[in-house]
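Dear colleague,

Please find below the structure that I am handing over to you. My findings follow it, beginning with the ligand and moving on to the sheets and helices.

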Amino acid sequence: TDVLGPSPLDNALQNILEALQNINDGEVNDSILALAEADRNDFGIVIATADGHVYEAGDSRKCFSIQSISKTFTYAMALEDHTFDHVDSKIDVEPSGDAFNEISIDPQTKVPANPMINAGAIAATWLVKDGQDQTRRERILETYSRCAGRELDLDIDMQKQEHDAGDRNRALGWLLASAGVIEGDPTDALEDYFAQCCVMVDTKDLALMGATLASGGVNPRTGERVFRADTVERVLSVMNSCGMYDDAGDWFVRVGLPAKSGVGGGIIAVVPGQLAVATFSPALNEHGTSVRGKAACEHISQSMDLHFARGP
Ligand code: GLN
């Protein structure tokens, strides 16, 4: 699309964007200043196919923080650093129906419900191992970068703000420690979790990260295998039931695709074997889902017949 100008699919995304940009519902997250300063008018939509084509409209090259979309990729790393059984003994795969930052450990199993809520995500970060000559944080950043197909960076100022505003997540970390999910002091894992939330991406990066999942773990642009196919199957399954927290049911009814939201305003939705949709718009509904992003994903899913439950 760069060389030839807009393709019909670029134009279709532009039309969707124009049809939805008058939606002004939702609020920008204000848990930290760096998020509160987002421009609620920003709107980007990108489709990346499993064979590496990219179609984009709007503010698709504007950077924002990945936030909870990071949980998807860190969970994949945890699954590959251990056996699935070991990860399952620390983090369940059941939808919680609770808000993302619920102070929760299942009373019966004594583990977090799933790796998409903060409790499970912090445990997943803790499970990721250091590399041979890399810290865990460096490995996380490098793995996200391989999914995006370019070197990503984290916003150090925002990371400090996440640290300063992180008491609720610290409470979760220590709850996990008291339950024996995290063994020892959770502080380092918490700091790495804050850092992974502050990795800066644009909508195109997110779409390519999603396309890496759509193609079973191979980045379609670089050809590099980042994750095993069985890891990706597991990750997409958990995104399907838990990726949108207490918005997961309504999301699946409307969009019918495994997806993950972040309070920075990003969303990825994945059609396994085919493509990923990524959207960016900072105003969020009460579940932390981008309002325009959800509308765009619904529109794309419906108009392109991508809904999982659609009949022939
Ligand atoms: N940094 C945020 C937190 O940990 C991420 C939440 C989100 O994107 N839903 O609370």
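A residue is counted here as being near a molecule if its C-beta atom, placed from the backbone, lies within 6 Å of it. Please keep in mind that this is a predicted model.

By that criterion, the residues around the ligand are Q67, S68, F100, N101, N118, E162, N169, C197, G262, V263 and G288. Sorted by class, this shell comprises three nonpolar residues, seven polar residues and one charged residue.

Helix α5 covers residues 118-127 and helix α8 covers residues 167-178. Their axes lie 9 Å apart, and the two helices pack at an angle of about 65°, which means that α5 is roughly perpendicular to α8. The crossing of α5 and α8 is right-handed.

By class, the contact of α5 with α9 has six nonpolar residues, two polar residues and one charged residue.

I turn now to the sheets. Five strands form an open, antiparallel sheet in the order β3-β2-β9-β8-β7. Strands β3 (54-58) and β7 (259-261) stand at its edges; each has a single partner strand, so one side of each is left without a neighbour in the sheet. From one strand to the next, the twist averages 10°.

Within this sheet, strand β2 (residues 44-49) pairs with strand β9 (residues 275-280) in the antiparallel sense over six bridges. A48 stands opposite A276 in β9.

Helix α1 (residues 8-20) touches β2 and β3, and its direction makes about 30° with that of β3. Helix α10 (residues 203-214) touches β2, β3, β8 (266-271) and β9, and its direction makes about 155° with that of β9.

A further open sheet is formed by three strands in the order β4-β6-β5, again with antiparallel pairing. Its edge strands are β4 (64-65) and β5 (153-154), each of which pairs on one side only. Strand β4 pairs with strand β6 (residues 199-201) in the antiparallel sense over two bridges. The bridge partner of F64 in β6 is V201.

With kind regards

Notes. Residues are numbered from 1 along each chain as its sequence is written. This is a predicted model: local features need pLDDT of at least 70, side-chain atom pairs count only at pLDDT 80 or more; totals for chains, interfaces and linings use all residues. Axes are lines fitted to C-alpha atoms, for helices over the stretch in contact, and angles run from 0 to 180 degrees between N-to-C directions. Helices (H or I, at least four residues) and strands (E, at least two) are DSSP runs, numbered from the N terminus. Angles under 35 degrees count as roughly parallel, over 145 as roughly antiparallel, 65 to 115 as roughly perpendicular and the rest as oblique. A crossing is left-handed if the near helix is turned anticlockwise from the far one by less than a right angle, and right-handed if clockwise. Ala, Val, Leu, Ile, Met, Phe, Trp, Tyr, Cys and Pro count as nonpolar, Asp, Glu, Lys and Arg as charged, and the others, Gly among them, as polar. Two strands pair if DSSP finds at least two bridges between them. Two residues are in contact if their C-beta atoms, placed from the backbone, lie within 7 Å.
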